[in-house]
Amino acid sequence: MGGSPRAGQEEMACRVCQALADGTHLMVQAGTGTGKSLGYLVPVLARAVEAGERAVVSTATLALQRQILTKDAPLAADAVQEATGRAPSIALLKGWQNYLCRHRVAGGYPEGDDADSLFSAASALAPARLGQAASTSLAEQVLRLREWASTTGTGDRDDLVPGVTDRAWAQVSVSRAECLGASCPFHDDCFPERARAAAGEADLIITNHAMLGIAAAGNPNVLPEHDIVVVDEAHELADRVRSQGTVSLSAAAVMRVAATARKNAGVIAADLEAAGQVLQLALADLPDGRLEAGLPQALRDSLINLDGAARQVAGDIREAAKARSGDAGAIALARTAVADLLDAVERMTSGSVEARRDVAWIERPRMGADPPRLMLAPIDVAGSVADSLLEGRAAVLTSATLALGGSFDPMARALGLALGTTAWDGIDVGTPFDYARQGILYTPTHLPRPQKGISEAALDEVLALTEASGGGMLGLFSSRRAAEEAASLLRGATGLTVHAQGEDQLPTLVRAFAEDEDSCLVGTLSLWQGVDVPGRACRLVIIDRIPFPRPDDPVANARAEAVSAAGGNGFMSVSATHAALLLAQGAGRLVRSSEDRGVVAVLDPRLRRARYGAFLTRSMPSLWPTTEREVVLGALRRLAAAGH
């Protein structure tokens, strides 16, 4: 295929081939530089052609999805065609709202705020795709979208460059529930229908973890029938599935539904608005945090009252639909908004919290004027992943980070492999990098144990390390405030250029960091994964503390309690596993090519002193470990001098 042999890639391809033949599940830890995409694509496409089996490949990021679609999959398909005589077909499939709706562009739906996903936390957790859109007005963005609608062949949001804000995109897209289906005048030229039809005929479907989350939540028909599933960046799957299963409810959301029903269906929703006000009073009386004893009676009563009012509005919308013609799009928006509200209320009153299937908590937004909201999330998603995604299929789950603490068992439990009847195995095919020779893992044990915020001693260490390195520093901090303090210190004490998360779009910041090898980039969780900056521009990675979940994290606490109740170690299974995964991902930002050299500094003495420290370090790249400050500063100074 025009490349050089890689032992890890060859081993991966052989093991994937065997798992597909046996119909078993395989976890493959493949380090950066292994070429894992081709390691699974070649055997998967060969199997699809030779056995007539359809495969789904899911990725965690848009960048990886596009890389597979435009580069890796065509390369593998050409090789398979040369070997078998038949070219495998490949299709891309995303959620309905990722495609432009011709009927909405033509005025078939009223303009206004997007009412979909008012009760889902998944949309709030999705990264924005703004490009240059932040500098243009909503009207300008919508005008450009309408012009693009006449030229695009896919209607795929990600084919629009530069991108637009979510609010602008909402003016040209609809959810699956809002779609008019066969009654739409543009049905024969519908972008999402066309994409779904192509996927139904393809040998390989490339999709994303959000779609798998929808399938795992009880909607398996979002994906065509398939025999093989490959999950790339599988370490993110459980969180994505949990995100899709998380619902949110507030009085503000109820008021928006009432407004949608009134505006689009002409329905008087006074009782629904009154029920929203009762809900707001019930939520206002409760403190932030987890509802450990279940829903209080006053809150439950307000939800039951809300359910009745919403059902009345739903009935009124049905009557309005019978009486009106030509407003199908508007009716669909109103009907879907109320249906989503009813689904959220039904979930919250189902007894799932009391049965310890879901965890509920009160959350007050830190910004904006929205009132308190009730949140609900599944405690364990392993069962739904096992039943909806893995059962009855051969499955390959791969990532650079799957063996935590040196074992595949924690990830296997999280992803449901241990629950099913299908045999599974885990292999580590290694990495082409010599981590012990290419990098140092520095743990300054002289620092105090981290408390709330970042200590002066830790900030002094950040300054000393960065000065010795002469820049080229990626700072991964546990909080926005800690990142801001570090940025302020470096800007005041050095002449280095310091980029800070939140001051511009993340892709712009990463690009600027990569282009100036002596600059610095500091931020929080968004930088821990996916930042790929090989070379001297990233020669020092600083992690301020072990990234355990917040002590008041309701989901993590509920998961730990469930593990302990079953006889396990809740701390190790939840908090330590969470930290190990993030540490492995964060430390993995340093060595991205065989020429890279540098230091990962974890400013938390617990990594060396605590009993769980060995579990965490076994999960990280095998860098050469030291606690000697002068050794590390000397190495950084030599690296800085070598570049000038």
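## Cysteines

A disulfide here is a pair of cysteine sulfur atoms within 2.5 Å. By that test, this predicted model holds 0 disulfides. Take C184: it is in no disulfide, and the nearest cysteine sulfur, that of C101, sits 5.8 Å away. C184 is also buried, at a relative accessible area of 13%; buried means under 20%, exposed over 50% and partly exposed in between, using a 1.4 Å probe and protein chains only.

What about C190? Its sulfur lies 5.3 Å from the closest cysteine sulfur, in C179, so that's too far for a bond. C190 counts as buried too, with 16% relative accessibility.

## Overall build

The protein has 25 helices and 18 strands, both read as DSSP runs (H or I, at least four residues, for helices; E, at least two, for strands). Its C-alpha atoms fill a box of roughly 80 × 65 × 55 Å along the principal axes.

Of the 644 residues, 54% count as buried. Looking at contacts (heavy atoms within 4.5 Å) with a separation of 6 or more, 79% come from residues 24 or more positions apart.

## Ground rules

Residues are numbered from 1 along each chain as its sequence is written, and side-chain values use heavy atoms, with hydrogens and water left out. Because the model is predicted, local features need pLDDT of at least 70 and side-chain atom pairs count only at pLDDT 80 or more, while totals for chains, interfaces and linings use all residues.
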